[in-house]
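Reader: I would like to learn how to read an assembly like this one. Where do we begin?

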Amino acid sequence: MDFTFLIGQALTNGLIIGLLYLLMAIGFTLVFGVMRVVNFAHGEFYMLGAFVAYVCVTRFQLPFLVAVLATFAVTLVAGWLIEVVVLKGFRGNELNGMISTIGLGMILQNGALLLFGPDPQSMPPVAEGVVSLGPIMLPMSRLYVVAFSIAVLALLYLFLMHSKGGRALRAVVQDTEIASAQGIRSHLMYPLGFGIGVALAAVAGALMAPVFSVSPSIGSTPLLKAFIVVILGGLGSIPGAALASLLLGVVESGANTFMSSAMSDMLLFGFVILMLIFRPSGLLGKSGR
Amino acid sequence: MTALLKVDGLSRYFGGLAAVKDLSFELNAGEIVGLIGPNGAGKSTAFNVISGSLPPSAGNIQFAGQQIEGMKPSQVVRHGLARTFQSATVYPTATVQENLYRGALARFDVPVWAQIAQTARYRNALRKVREEVDEVLEITGLAPYRNEVAGGLAYGHQKRIGVAIGLATRPRLLLLDEPAAGLNPEECAEFGGLLKTLRDRHEISLLFVEHHMALVMNTCEKIIVLVQGQKIAQGTPDEVRNNPAVIEAYLGVDEDAHG
Amino acid sequence: MHASSTAPTMKPRAPDPGAGHPQAHWRRWLPGLLVLFALPLFTSSPFYMHLAVLVCLNIILVNGLSLLSRTGQLSFCHAAFMGMGAYASVMATTQWHAPFLLSVALGVAVAAAVAYLLGSVILRLQGVYFVLVTFCFGELFRLILLEGGSHTGGANGIANIPPASMFGFAFDTKTSFYVLAAVCAFASIVLLIALFRTPQGTALDSVGDNQELAEASGISIQRTQLFAFVLGSAMAGFAGALLAHYLGFVSPESFNQHISVAAIVMLVIGGRASVLGPILGALIMTPLPELFRSAIETQNILYGITLILVLKFLPGGLVGIATKLRGKGGKA
């Protein structure tokens, strides 16, 4: 088999999936950076997003783009409310906050089970067909995912870099103490950071909903990937998360070409553990707080 | 007589910044030594390096004949060098007696299985520990509070508990980080008396960082002055008080008694 | 610079001054517990007996988890050590026909050895980083079991495990195994009570209460946490070995993240600061999924809500209720 073709295909697939990892990881990093909480429910927000998109498209007949926007909006609001109602009491107590997100995840997943049942539902694909770039095949549906992901990331970039709220959020992620000394108000930053963070996960879920199936159990793998990306990229580092997610996507894709996915997962976890032991600050992150 | 504590060429850098640079001094057994200097002079950093909380960037530290630089704090304590903290730090949910008990366990050498089996050796060692705790409670005047929960006591008492925990580890040298901070003049004088008692009756040498000039001048035989990480002077209180470099860098500023 | 000397401790906030240490009051509840242990012997329902066995094994499991938790670290791979104990003992029993006691000892030894090696390296990571690395290790272990081929039986696991037996007597009925499990659970409780009366046990609480102070007053954080991790994981291995010889089969999914999380939930709801906590947690949370099989989603939602409420209003767990009722009373 043509080696360059294999590599090329793996690279392309890897970049595509890497963009999704990026959406998950940025949201996760945002939550951790602002609130110092490891959000164990992050995967369930991915699942929530998939279901919201599913419901929008199949029950309300909304076009996909609108469904994605609705997912973002709904999850942003939900996340804001959850932070204020549930997580607010844990500000300053990271350990208990983290454990409470475990409870939150349980509620979300079982809520979905009650509403939709355990069976996978499928959504009509966004687009049919394949585009070929030389010998490399790119399914149209995946290209849509890429396009939307890039759009979301671009908007996020603009927000974080050029808006007052976004800049404040970045300041809090970079250094909470200095940020509060500068008067940035935590009672707005916490819900905003959490809301946007989980909304990003939800968008990732919405984008992937037509590609894979939708069921209450789809959240655990994305959560794991978010963990890995954030560890590799450095907890609290958004550029690190960006670098690590693309790298993870590509490496994973390449590894899966040559070995079983379980094997590549094992090597990945082994590598991540070593990374945590020898370089907890990750590829680009600040030293472990 | 070899010095009890010998610090030689000690440096500690943070990135490019030298918090402590080439610090050398000796402390002899039975001495009470003061370490003074303006804020940011590197005094707490020096403490952290000597006690093992931070590794040195350069230099070595000899204590009771042992090279201790790079050792973990718990190891350093077991060699007989203990330190207290600037802000009152106690075990908040435990009683005062329990707090001291935890400090006294530093030198407890009975293996775990013997502890659980409650062997005779264990019971004897435990009795000794309880006696030591009682003694420290008396010395520090905390005996009336022994059954109070530490977290509920006033700040001044909590600071005293911090010192008591350090004493409970049976140190030969105790490092005290701003022990008088937050104390009123009366408490301060009382504290000075305690320091002298510790040295005179219990043979504990003392090195302490302090801003409270009266306390330092009245209790120390030797004073080391640190400015921007470097030692600029060392000597008796009189020598230091009249040292022009010290006056310019530090004492010239009108230090009021409450640091 | 070691992360351990500067990172904030992750022990839950200390209760208000005057709350006291509930563990000193084991004399009050231990006799009652003995009575509770005896109760299942009067039931003839195999279902309740089964529940009782599971409660006992969970008590051992969560007791193990509580050791490290008291030092301020939370392990998300506790189930992996349970799995190590289970699989190692099962391999000894099925492949080498080793006697039960020896197999269990092997299971415990394997879990302890791995915990020692792993802990030596990862315990210097504090707080969040430790949580993440144990989470990843848990996943790694599950994958190793899945890909273990003929050694571990892969996804199908290992079945036809001979029942526990000692000196010729086989614990092949639910009742007989329950007696074994109850004795072991009781022993684990007594072990913990004895441990926390010793200086070593005090060291665990010291590190959890104020890590910096403990280290600065001569208690080595590293050694104390390693001790807790090894002993706690060994107890998990013990529980796993027992479980395997009770159920008669093991599979990778018996020891996955859900189990680790379930143990954490039991510990948090029961109470992290007392020997009574794991007992309460196991007692209350084990039977419920079995009793309400038809409404398991609703039940899990209630679990999630309970967990959050407990964390918010009763961070000391259910044991904290007793403490609040009792009021002042410090540990001497």
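Author: Begin with what counts as a contact: two residues are in contact if their C-beta atoms, placed from the backbone, lie within 7 Å. Keep in mind that this is a predicted model.

Reader: Which pair of chains shares the most contacts?

Author: Two pairs of chains are in contact, and chains A and C share the most contacts. Chains A and B have no contact between them. Their closest C-alpha atoms lie 13 Å apart.

Reader: How should I describe the size of an interface?

Author: The size is often given as the accessible area lost when the parts come together. Here we count residues instead. Chain C gives 38 residues to its contact with chain A, and chain A gives 35 residues.

Reader: Which elements of chain C give two or more residues to the side that touches chain A?

Author: They are α5 (100-122), α6 (128-146), α12 (257-270) and α15 (296-313) of chain C. α6(C) gives the most, with 13 residues. By class, this side of chain C has 30 nonpolar, three polar and five charged residues.

Reader: And how many residues does the contact of chain B with chain C take?

Author: It takes 33 residues from chain B and 27 residues from chain C. On the chain B side, α2 (73-79), β6 (81-83), α3 (96-104), α4 (112-117) and α6 (155-168) each supply at least two residues. That side divides into 13 nonpolar, 14 polar and six charged residues.

Reader: Which strands form the open sheet in chain B, and in what order?

Author: Chain B has ten helices and ten strands. Six strands form an open sheet in the order β6-β7-β8-β3-β9-β10 of chain B, with mixed pairing. β6 and β10 (230-235) of chain B stand at the edges with a single partner strand each, so one side of each has no neighbour in the sheet. Neighbouring strands are turned by 15° against each other on average, direction ignored.

Reader: How do the side chains sit in a strand?

Author: In a regular strand they alternate between the two faces of the sheet. Now look at two strand pairs here. β6(B) and β7(B), residues 173-177, run parallel and are joined by three bridges. Ala82(B) stands opposite Leu174(B) in β7(B).

Author: β9(B) and β10(B) run antiparallel, with five bridges between them. Val227(B) stands opposite Gln230(B) in β10(B). The hairpin of β9(B) and β10(B) has two residues between the strands, and Gln228(B) takes a positive phi near 50°.

Reader: How do I describe two packed helices?

Author: Give the angle between their axes and the distance between the axes. In chain A, helix α3 (residues 64-87) and helix α8 (residues 186-208) have axes that come within 7 Å and cross at roughly 140°. The crossing of α3(A) and α8(A) is right-handed.

Reader: Which residues of α3(A) and α8(A) meet?

Author: Among them, α3(A) brings Ala67(A), Thr71(A), Gly79(A) and Trp80(A). α8(A) brings residues including Tyr190(A), Phe194(A), Ala199(A) and Ala202(A). The residues of this contact divide into 17 nonpolar, four polar and one charged.

Reader: Is helix α13 of chain C mostly covered or open?

Author: Helix α13 (residues 276-285) of chain C is mostly covered, with eight of its ten residues buried. Among the buried residues are Leu276(C), Ile279(C), Leu280(C) and Met285(C).

How values were computed. Residues are numbered from 1 along each chain as its sequence is written. Chains are lettered from A and ligands numbered from 1 in the order in which they are written. This is a predicted model: local features need pLDDT of at least 70, side-chain atom pairs count only at pLDDT 80 or more; totals for chains, interfaces and linings use all residues. Helices (H or I, at least four residues) and strands (E, at least two) are DSSP runs, numbered from the N terminus. Ala, Val, Leu, Ile, Met, Phe, Trp, Tyr, Cys and Pro count as nonpolar, Asp, Glu, Lys and Arg as charged, and the others, Gly among them, as polar. Two strands pair if DSSP finds at least two bridges between them. Axes are lines fitted to C-alpha atoms, for helices over the stretch in contact, and angles run from 0 to 180 degrees between N-to-C directions. A crossing is left-handed if the near helix is turned anticlockwise from the far one by less than a right angle, and right-handed if clockwise. A residue is buried if 20 or more other C-beta atoms lie within 10 Å of its own, exposed if 12 or fewer, and partly exposed in between; C-beta atoms are placed from the backbone.
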